[in-house]
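Please have the sequence and the 3D view open as we go.

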Amino acid sequence: MTLRPADLRSVHETVLDTPGRIAITGAGTAADWAGPLDAVDAALDTTGLTGVIAHNPGDMTVAVRAGTPLRALAEELAPHGQHVAFDAARVADGATVGGLIATADAGPSALVYGSLRDLVIGATVVLADGTVARSGGHVIKNVAGYDLAKLLHGSYGTLGVLVEVVLRLHPISQRTATLALDVPLAEAAEHAARVLSGPYEPVALEWISTSPGGEGRLLIRLDGTEQALPARVQRLHEILGSPGRTASNEPWARHAELVRGTPGLAVVRVGVRPSELPGLLAALPVNAVTAGLGTGVATVALAPEAVAQAHTLVHAAGGTSVLRSRPTGCDAPAWGPPPSALPVLHAVKTALDPDGRFGPGRFAPWLVP
Amino acid sequence: MTLDAVVRRAFERALDPRDVISDPVQCRAYECDGLTGYRVVPELVLLPRDGAQVAAAVRVCAEHRVPFVARGAGTGLSGGALPVADGVVISLARLKRVLEVDPANRRAVVEPGVTNLEITSAAAPHGLYYAPDPSSQQVCTIGGNVAENSGGAHCLKYGFTTHHVLSCEVVLADGSVVTLGSDTGEQLGPDLRGVFVGSEGTLGITTTITVRLLRTPETVRTLLADFGSIVAAGEVVSDIIAAGIVPAAVEMMDTLAIEAAEQAVHAGYTLGVAAALVVELDGPAEECDIQFEQVTAICERHGCTRLHIAGSREERAAIWRGRKAAFAAVGRISPDYFVQDGVVPRTRLAEALDRIAAMGSDAGLRVANVFHAGDGNLHPLVLFSAAAGESERAERLSGAIAELCVELGGSLSGEHGIGTDKACSMPTMFTPDDLAVMARVRAAFDPHGLCNPGKVLPTPRLCGERPGRYRPHPLEEAGVIERL
């Protein structure tokens, strides 16, 4: 049974009127990320919750229903020269604002802007018992009360239904430029260190593999003004000591493809101290990689049989890992060893959804329904 | 009831006995934080020397159900570190080691008693700094910053504490130790670090914090511009933002605040002008120079009466000295004052200031204004004389100003926190259901309510609420929410 409420009141009523376990779904762009869903009695489809509630260009904020595709929101904001400074690959596939928050997704520009947890300033949530709870507000600066939106970030639909979200906006840069340099990962990491310790202020700094044999390309994106950007690009060329190429968006499209995954392979999202990342990736049997050399966040494609070992190695390096998309029938573990805060996660789940109604299985084996 | 000898001995076993303070005279030094109107002398003050001792002390609290309040430098302005009667204060003042500065990964690992500025000092040799910069940064501690999610003058561009804390080692209310957050922006499940930061000490005590460091900007350009009206200065801010510029800081001071600051530090502000605007840009030299020209043109277009561009590091420091001294300087023009902290949507600043001026004259009290104009965070300073019996009137006015901010679509607090001071105002901003859910989260971390009780969330005992007939919630009347 699929339920598709179109406003806050009907989400509230739907949750109250629907007994049993409920899967909260969005555009389906990350439906198989994290632990596989257990059997549910109903799906609550959030894609009917669309549209801007209030956009205040002068305040650089927008309130939006959570089922709105971020891509659609971007189209509405663009005429005002504003955007949500967020560029996860699945935005282009129609991912919803709520889904992007629930899966804690992020793109290359997280180097400067962080993930949506850094951009959400308010949220309205419906809990499993029908309670409607708001936190935050419509202003960027606000420390009143607990920030419940943070709890929903990365909750994979297990704590509540995000219904409305207020986001902080940024101006769209006049110009953007990407330098592409064909180098293997270790060399790319040296370049990255030099760029990051200088005054260049890249918005994104990623290495992508171009062959399973270790070849790859370093991508460095600068955002800026019409007048100043050419000089900044020139300076960057100089310190890289090689001409590089100034490219359009093409290399980022390739980056997004790699993040989406490769048919027949499992995709694991990895995070580790940036300096540890090249060594870690070298130790993993990866087929394709995007590696955030400033963020320490990588997306890797590997054989399903290698997922468990990847979790172990990442954990040993002090990092985090989660399984994203995977081939049908793959039963690789979604999560690695549990974090020390597991008892807190358990207590929060019990406090907000004591009957385990929302998203059963997402955190298995950590949280067992 | 007082803590019995058994409990005290348990603390003396957990810590060095000399680090358990029970002398009432010494305990009195901990009776309040920066909000001195609220005072409670704690039964005991504990001075642990490391994280393990903090955990050991909290385990004793858990076993004997003793409430505890963590305390950093005590500079908070909302009574967030107010002790609890029959409880203990756990001072983090001795946990002041910088454990690691990792320039390659642009981060530092520090203990909670390290001051905000000490982090930047430790990072500076590597060309790095810690971005959030509350006015009290020379003395306030990072542990307190984490509790309050502190901001500062530069948070419009760089964000708040929550954006700069990667992970925290936390002692929970049962004495167990967990890590919230990770070495990157990635999370294993819900963002528990994000809930912890800004929870005002009610969810646990952090004992080790990993913060992000940023590269010191290549160029910083700062100007001070005078305007004949607050409205004109406000239009400058609007035009800067409409031009797609994100300034590192935009600060505004009104006539009274300027007068006070000048008396105190002689920073070169113009006496008598209606509004002084401080605008700072930073970044790569090429960008900074171009945008700075745009900003000066915008200032001139709105009739600025004097434009002072800092020509040296010293001149820039002087401009900031004037701005940062403003709070304390108000003591020079008034025997007593309250510092308020509220937020309005930036586009409603002029309306908010008009209303505040009207409320001030109705109350027969002067209000000086210092604020972060870029993000609508107001710091009205209500001037009064306790000796002249104006205290209650001033307190009412100050509280009414915070609630006005909520009415205008803003927040009760932008950076000072709710603490003890505003817990009873929370129902003006949140519904009973909102607050009940926050209480559920609190109980998930701390089922027995031992960790800084009485802060953030209103309680009937604290606020004297009585059940009565149904009245529409202020947010319901404003059409922001509907009752389902």
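Strand β13 of chain B, residues 249-254, pairs with strand β14 of chain B, residues 275-283, in the antiparallel sense, and the two are joined over six bridges. Keep in mind as you look at this that the model is a predicted one. Within that pairing, Asp254(B) has Ala275(B) as its bridge partner in β14(B). β13(B) also pairs with strand β18 of chain B, residues 367-372, again in the antiparallel sense, here over three bridges, and in β18(B) the partner of Met252(B) is Phe371(B).

Which residues point which way from β13(B)? Ala249(B), Glu251(B) and Met253(B) point one way, while Val250(B), Met252(B) and Asp254(B) point the other way, and all of them are buried. Since six of the six residues of β13(B) are buried, the strand is largely enclosed by the rest of the structure.

In helix α8 of chain A, residues 250-260, the buried residues are Pro251(A), Trp252(A), His255(A), Ala256(A), Leu258(A) and Val259(A). Viewed down the axis of α8(A), these buried residues fall within an arc of 160°, and so they line one face of the helix. On the face of α8(A) turned away from the buried side we find Glu250(A) and Ala253(A), which are exposed. Just after α8(A) comes Gly261(A), with a positive phi of about 120°.

Ala104(A) has a phi near 50°, a positive value in a residue other than glycine, and it is found in the loop between α3 (97-102) and α4 (110-113) of chain A. Is Ala104(A) buried or exposed? Ala104(A) is buried, with 26 other C-beta atoms within 10 Å. In chain B, Arg65(B) also has a positive phi, of about 55°, although it is not a glycine, and its place is in the loop between α3 (51-64) and β3 (68-71) of chain B. Arg65(B), however, is exposed, with 10 other C-beta atoms within 10 Å. Back in chain A, the peptide bond from Ala364(A) to Pro365(A) is cis, with omega near 5°, and Pro365(A) lies in the segment after α11 (342-352) of chain A.

Now to the domains of chain B, which is divided into domain 1 (5-91), domain 2 (98-215), domain 3 (217-326) and domain 4 (334-421). The centres of domain 2 and domain 4 of chain B, taken over C-alpha atoms, are separated by 29 Å, and eight residues of domain 2 are in contact with eight residues of domain 4. On the domain 2 side, the residues touching domain 4 divide into four nonpolar, two polar and two charged.

Finally, the contact between the chains takes 69 residues from chain B and 73 residues from chain A. On the side of chain B that touches chain A, α16(B) gives the most, with nine residues. By class, that side of chain B has 28 nonpolar, 27 polar and 14 charged residues.

Note on methods
Residues numbered from 1 in each chain as written. Chains lettered and ligands numbered in written order. Predicted model: local features only at pLDDT ≥ 70, side-chain atom pairs only at ≥ 80, totals over all residues. Buried ≥ 20, exposed ≤ 12 C-beta atoms within 10 Å, placed from the backbone. Helix = DSSP H or I, 4+ residues; strand = E, 2+ residues; numbered from the N terminus. Pairing = 2+ DSSP bridges. Arc of directions from axis to C-beta. Contact = placed C-beta atoms within 7 Å. Nonpolar A, V, L, I, M, F, W, Y, C, P; charged D, E, K, R; others polar. Domains from an automatic or database assignment.
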